[in-house]
Amino acid sequence: MTAVTEPIAQEKRKFDFSAFLQRFGTLGIFVALVIAASLWSPSFLTAPNLLNVLRQVASSAGIMAVGMLFVILTRGIDLSVGSVASLGCVLSAYFIAFSGYGVATSVVLVILSGAACGLVTGGFVAYLGLPSFVMSLAMMAIARGLSLIISAGRPIPIGDAGDALSAFGSGFFLGLPQPVILMFGVFAVGGIVLNFTRFGRLIKAIGSNEEAVRLSGIAVPRYVLAVYVISGALAAVAGIISTSRTGVGSAQVGVGAELNVIAAVVIGGASLMGGRGGVINTLLGALVMGMIANIMNLAGVPGYHQQVYMGLIIIIAMLIQYGAGSLRR
Amino acid sequence: MSELARLTAITKSFGGVRALRGVDLDLRAGEVHALIGENGAGKSTLMRVLGGEMVPSSGEIRIDGERVDFRNPRAARAHGIAIIHQELALAPDLSVAENIFLGELSPVISWGDLRARARALIDRLGFDIDPGRSVGSLAVAHQQVVEIAKALSRKLKIIVFDEPTAVLSTQDAERLHAIIAKLRDEGVGVIYISHRLEEVLSLADRVTVMKDGEVVGTKAAADLTIDEAIRMMVGRPLAALFPEKGPRAIGETRLEARALCAGRLVRNVGFSVRAGEIVGLGGLVGAGRSEVARAIFGADRLESGTIALNGQTVKLRSPKDAVAAGICLLPEDRKLHGVVLDAPIRVNATMARLSAVVNAFGFLKNALERRLVADLGASLKLKAASMEAPVSSLSGGNQQKVVLAKWFHAGGDVIILDEPTRGVDVGAKSEIYGIVFRLAEAGKGVLIISSEHQELFGLCDRVLVMGEGELRGELLPPDYSEENLLSLAISRRSAKPKAA
């Protein structure tokens, strides 16, 4: 059998360019962007601006990207995250302002509500086999509708009862804004779960070949359900962060956020076909998205134009990620 | 006869595996050139190269003496090359006519004209199929006719059939042969891949035998016998592959299936497998053997019937229940159902019993897992760069060993092996046979499904024969022969299935 083993050894020595790109492509994009931005604008590489980028990321795509990564790893998609974030934002203000539950209880209730949204989406996807795209699209409408109903379409100020939450939104810890610390914490836990636990291993395997995992005697639906619950809960957390920073619960939060979140995950090199993706690259992807927005603001690009450039830059990032790999055949 | 195509020194590598190692093949106009060889010999890969679906690592293709360099299937089609795959490449929701002319639909479709042209092509093949019907509603044989008509709708010089009769009834196969004879008489060069040697020898003008990515030889079909063809394919007599059958202690009943019914292909099936026993499940493709395996394993729903394990009736609603109860299944389709190709060997090997390598909080014990998998790999003679290599980088035989490692790790009492040596080279085959014996010697009940009857005879203590979803009978070693097995398999109204 030397004929079989020998070429394997040869293969190993050969440098695999597309694997390298998959692994370090996002880092390359990130570094290139930092260099380009600091050459472009002297105000980019200053502490206040960088903290601003981080805070932006933490309260937009950042935390949701971890949940989305989990969902995408199982070969699914969760389009409801933006709406669930708005529900989290509205509900947190509603509970704090009107229920008298106190901040801690309210926060727990809101996270549970987000998880419940994920439970509905994931339940239908996992146990009835409905396509995640359509199911989460439905949840996107439902959650947005609920937050409009609860808020009656108007912003809900959290008032004095929410001081503790506002303090979190504007507070610093170890020189970093607290929401940013929270985001890093979520990424760290996400990374640990993904790389060191049975759960993380199985959701990757399910995304690669669900049937083979099922035929290994694994209760696949349970794991699929769990990723949507996690995604919903994290979206609610993102909504709470928004409330903590602005002091109001608004149903307008997170409109279109799902697209930025998906873009962050995909720029982070995750495959929409499931099974491939990592937490660190997803964080880099989210930071890239945040930096692009920041650079355009610094450069004074008008808001409407920004969207066009954002789209173009995503295309370029994707070409760098996948282009070289798939063009060679 | 003029030479249509000549392939010279074609090589193709996938990851670490060299699927083709310098293959030469020529095809003349107006001949049927059969390509035979074991699974994994490289026949289909070679045809994918000819069809432009794969770019060879090296080598030369000439069509009509002119050097060509196909980068995609379209380039090959432009030279009049069509490939009819086993898996038909049709759009099931479109009509027959649309499928036939899919590549050349005009922006505005004239339905009347399209249907008339489709009907003319189908008539030419001697069939009567309504061009307006959706392809998905047709029988497989008729879908194949559509695929051939599609090839005929363009300039056609070379047509390749990749195991076309595997899914056809005898009658449909004969009609297909008539079509092929017609194409040959029109001067088309036909390449015909099949495992059915009688069919190959009666249909082909020349036969090329491949083995392990190389051509063993090309001969006129008239000069070739079935025995000689087998010897060329296998390289040695089949019997030498099987380990000595030592005496094995046969114990209590491990698995008992009683009157199982599940869909059309599992009708009132009952049998038992005892500890240390190797029982074969033979029959033709589509007889319901895999369906029986899947029903026992809880992968498909059981309509009625009961399953007992070690004397206790168990309710198995899912593979999870089956694995927990101690039943393992090595599935027929290794790549789709057996392994997670992108994942490392290590991840695949422990998947069926992860509880052994995680702590109370669900964290993986990596060091322990590495050690376990390294031991498993060594005991199964798994050949890989490392246990961290993705399964996709392994040869078929080693991939199969990963599936076996998974079930060794899970450690059930009953193991069902569905086509364990499909797409596996001869050396690994022999090693897998050794592993099967080891499983039996360890006191497990082993049920083997195989379409290679000699394999069943070489391994099994007895062979159950299925036909059309029913158990048709049982063969014991003194009665082992292809004829006996086939006559049971195709006997329409057989005696009642024997309860084992």
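This is a predicted model: local features need pLDDT of at least 70, side-chain atom pairs count only at pLDDT 80 or more; totals for chains, interfaces and linings use all residues.

Student: What is the distance from the first C-alpha to the last in helix α8 of chain A?

Tutor: Helix α8(A) runs over residues 178-196 and has 19 residues. At 1.5 Å a residue, 27 Å is expected. The model comes close to that, with a reach of 26 Å.

Student: Within what arc do the buried residues of α8(A) fall, seen down its axis?

Tutor: The buried residues of α8(A) are Pro179(A), Val180(A), Leu182(A), Met183(A), Val186(A), Phe187(A), Gly190(A), Val193(A) and Leu194(A). In an α-helix there are 3.6 residues a turn, so residues three or four places apart point the same way. The buried residues of α8(A) line one face of the helix, because they fall within an arc of 160°.

Student: Which residues are exposed on the other side of α8(A)?

Tutor: One face of α8(A) is lined by its buried residues. On the other side, the exposed residues are Gly185(A) and Val189(A).

Student: Is Ala152(A) buried or exposed?

Tutor: Ala152(A) belongs to the loop between α6 (132-151) and β1 (156-157) of chain A. Its phi is positive, about 50°, although Ala152(A) is not a glycine. Most residues other than glycine have a negative phi. Because Ala152(A) has 9 C-beta neighbours inside 10 Å, and 12 or fewer is the cut-off, Ala152(A) counts as exposed.

Student: Which element of chain B gives the most residues to the side that touches chain A?

Tutor: In the contact between the chains, 36 residues of chain B meet 27 residues of chain A. On the chain B side, two or more residues come from each of β2 (17-28), α10 (319-325) and α11 (334-338). The most, five residues, come from α10(B).

Student: Which residue of β10(B) stands opposite Val209(B)?

Tutor: Strand β9 (residues 206-211) of chain B is mostly covered, with five of its six residues buried. Strand β3 (residues 32-37) of chain B runs parallel to β9(B) and is joined to it by five bridges, with Ile36(B) opposite Val209(B). Strand β10 (residues 214-220) of chain B runs antiparallel to β9(B), with six bridges between them. In β10(B), the residue opposite Val209(B) is Gly217(B).

Student: Which residue in the turn between β9(B) and β10(B) has a positive phi?

Tutor: β9(B) and β10(B) form a hairpin, and two residues lie between the strands. In that turn, the residue with a positive phi, about 50°, is Asp212(B).

Student: Which elements do the buried residues of α13(B) pack against?

Tutor: Helix α13 (residues 366-379) of chain B has 14 residues that should span 20 Å, and its end C-alpha atoms are 20 Å apart, which agrees. Its buried residues are Glu369(B), Val373(B), Leu376(B) and Gly377(B). The buried residues pack against α12 (345-350) and α14 (396-410) of chain B.

Student: Is Lys381(B) exposed or partly exposed?

Tutor: Lys381(B) is in the loop between α13 and α14 of chain B. Although Lys381(B) is not a glycine, its phi is positive at about 55°. Because it has 14 C-beta neighbours inside 10 Å, Lys381(B) counts as partly exposed.

Student: Over which residues of chain B does pLDDT stay under 50?

Tutor: The model scores ipTM 0.85 and pTM 0.78. For chain B the mean pLDDT is 88, and 95% of its residues reach 70 or more. The stretch where pLDDT stays under 50, which has 15 contacts beyond four places in sequence, is residues 493-500 of chain B.

Key: Residues are numbered from 1 along each chain as its sequence is written. Chains are lettered from A and ligands numbered from 1 in the order in which they are written. Helices (H or I, at least four residues) and strands (E, at least two) are DSSP runs, numbered from the N terminus. The expected span of a helix is 1.5 Å times one less than its number of residues. A residue is buried if 20 or more other C-beta atoms lie within 10 Å of its own, exposed if 12 or fewer, and partly exposed in between; C-beta atoms are placed from the backbone. The arc is that of the directions from the helix axis to the C-beta atoms. Two residues are in contact if their C-beta atoms, placed from the backbone, lie within 7 Å. pLDDT is the predictor's confidence in each residue, from 0 to 100. Two strands pair if DSSP finds at least two bridges between them.
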